[in-house]
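Please keep the sequence and the model at hand while reading.

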Amino acid sequence: PRVLCVAGARPNYMKIKPVMDALERRGAEVLLVHTGQHYDPAMNDVFFADLGIRPPDRFLGVGSGTHAEQTGRVMTAFEPLLGEVSPDLVVVVGDINSTVACALVTAKAGPLLAHVEAGLRSRDWSMPEEVNRVVTDRVSDFLLAPSPDAAENLRAEGYRDDQIHLVGNVMIDTLLANLDRAKASGILDRYGLTRGEYGLVTLHRPANVDDPEILAALLKALGEIAGRCPLLLPVHPRAAGRLGDVGVPGGIRLVPPAGYLDFIALQDSARVVLTDSGGIQEETTALGVPCVTLRDNTERPITVEQGTNVLAGRDPARIVSTVNRVLDDPPAPRRPELWDGRASERIADVLLAGAAASTRPRPT
Ligand code: UD1
């Protein structure tokens, strides 16, 4: 079959790559479309190079904008492309605006639709990603769940058992496949860091970085933590200007966004990781590195129940006390079932069998 794979922003690339490879190994014709939601070289090109992803077959160049602008631009550009390419199956990953936009277009145009990372729920409707996840799942034919909690969420929402496939976590496929290369990246030497003697921080959620008061409170907490453990903060473009406006306490070193291999190396050697990202909660769990999540909720509860993640919320005093507790008594490393590096193989098997069995007429 012909399969159109969609990627649009940094956290998509390491998810789509192993799925493309597994499909191609089974003889599928795979095309990659990049929506252009992320466009800075540091958010894109370095990931394509590190992960060995071939240049996209199509580039939609949508760029930044409000949610409606960005989602609408992806939809408008993706619709004629679908008509032209006429795939049997479209694969979308994750929960970004590009994911939901291509899912909506596909659902109305006719090809089968697969969502990789289905069923994750924060139950926090103020998160744009929660809206994207729920809507994408709703219109998908194949719901590929990374963990049992995600499959259970889908069952509770009334999806049929034959739509739900518990396959494991593709992000961990890529992590395990690249870990040795990452460890050889040399980034620790370049930054003069010693394994186990620094904390790694990422901040990019609108709820944390868009309001100067909230960001200032978070930075105050990070400043206190830096007194005990120096912190390295690779800066996401969304947070770049705002961090400058608010002022960054001593002990926190700002650096440019890291590439894939460098960032895995930085996580792997960190004493603790502080983050508001989703994927980093998973990568730290797979690496067995303590993670403190600077959010009130998580759509990835398995990283708390079976991994190294602790939810600290956004209250500065609670963040400091949580990090102190984690530094004194780090959580034991455990890796969830099916986070074994083979999720994309299971996904390719499910999708090709499903496409072959489908009675839906091929779009013309
Ligand atoms: C998006 C995803 C988020 C994901 C994150 C990873 C949505 C709703 N959000 O958030 O789930 O965790 O990507 O990075 O899809 N910008 C640049 N260069 C770029 C891209 C963005 O400077 O290459 C700046 C622009 O000022 C832009 C802002 O970052 O307005 C936000 O970008 P956007 O794509 O809207 O969302 P992210 O915050 O990156």
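**Packing inside the predicted model**

Leucine 266 touches Ile187, Leu188, Leu193, Tyr198, Leu200, Leu232 and Ala258, leaving aside residues up to four places away in sequence. The model is a predicted one. Leu266 is also among the residues with the most contacts inside the largest nonpolar core.

**Nonpolar cores**

- The largest nonpolar core has 60 residues, and those with the most contacts inside it are Cys5, Leu23, Val91 and Leu266.
- Helix 1 contributes the most to this core, giving seven residues.
- Another core lies apart from it, with 28 residues that include Leu215, Leu219, Ala221 and Ala226.
- In soluble globular proteins, nonpolar side chains tend to be buried together.

**Aromatic pairs**

- The structure holds three aromatic pairs.
- In one of them, the ring centres of tyrosine 13 and phenylalanine 47 are 6.4 Å apart; the planes are at 50°, so the pair is tilted.
- Because tyrosine 13 lies in helix 1 and phenylalanine 47 in helix 2 (residues 45–51), this pair ties together parts that are 34 residues apart in sequence.
- Tyrosine 13 and phenylalanine 47 are both buried.
- The rings of phenylalanine 47 and tyrosine 260 have centres 6.4 Å apart and planes at 65°, so this pair is edge-to-face.
- Since phenylalanine 47 belongs to helix 2 and tyrosine 260 to helix 12, the pair ties together parts that are 213 residues apart in sequence.
- Tyrosine 260 is buried, as is phenylalanine 47.
- Ring pairs link Tyr13, Phe47, Phe48 and Tyr260 into a cluster.

**A buried threonine**

- Threonine 106 lies in helix 4 (residues 97–109).
- Its relative accessibility is 0%, so threonine 106 counts as buried; the cut-off for buried is under 20%.
- Not counting residues up to four places away in sequence, threonine 106 touches Phe78, Leu82, Val90, Pro111, Leu112 and Leu113.

**Largest pocket**

- The volume of the largest pocket is about 1,100 Å³.
- Its lining is made up of 45 residues, of which Pro11, His38, Met43, His204 and His236 lie nearest the centre of the pocket.
- The elements that give two or more residues to this lining are helix 1 (10–25), helix 3 (67–85), helix 5 (128–139), helix 11 (237–246), helix 12 (260–269) and helix 13 (279–287).
- By class, the lining of the largest pocket has 20 nonpolar, 16 polar and nine charged residues.

**Second largest pocket**

- The second largest pocket has a volume of about 230 Å³.
- The residues lining the second largest pocket are Leu112, Asp141, Phe142, Arg160, Asp162, Gln163, His165, Gly354, Ala357, Ser358 and Arg360.
- Leu112, listed in this lining, is also a contact of threonine 106.

**Cavity**

- The count comes to one cavity of 30 Å³ or more.
- The largest cavity has a volume of about 50 Å³.
- Val116, Glu117, Leu144, Ala145, Pro146, Val167, Gly168, Asn169, Val170 and Ile347 line the largest cavity.
- By class, the lining of the largest cavity has seven nonpolar, two polar and one charged residues.

Methods: Residues are numbered from 1 along each chain as its sequence is written. This is a predicted model: local features need pLDDT of at least 70, side-chain atom pairs count only at pLDDT 80 or more; totals for chains, interfaces and linings use all residues. Side-chain values use heavy atoms; hydrogens and water are left out. On a 1 Å grid over the protein atoms alone, a cavity is a set of points where a 1.4 Å probe fits but cannot get out, and a pocket is an open set with protein on both sides within 12 Å along at least five of seven lines; lining residues have an atom within 4 Å of a point. Grid points are joined across faces, edges and corners, and a volume is the space filled by probe spheres set on the points. Helices (H or I, at least four residues) and strands (E, at least two) are DSSP runs, numbered from the N terminus. Ala, Val, Leu, Ile, Met, Phe, Trp, Tyr, Cys and Pro count as nonpolar, Asp, Glu, Lys and Arg as charged, and the others, Gly among them, as polar. A nonpolar core is a set of buried Ala, Val, Leu, Ile, Met, Phe, Trp, Tyr and Cys residues joined through side-chain atoms within 4.5 Å. Buried means under 20% relative accessible area, exposed over 50%, partly exposed in between (1.4 Å probe, protein chains only). Contact means heavy atoms within 4.5 Å. Rings of Phe, Tyr and Trp (its six-membered ring) pair if their centres lie within 6.5 Å; planes under 30 degrees apart count as stacked, over 60 as edge-to-face and the rest as tilted.
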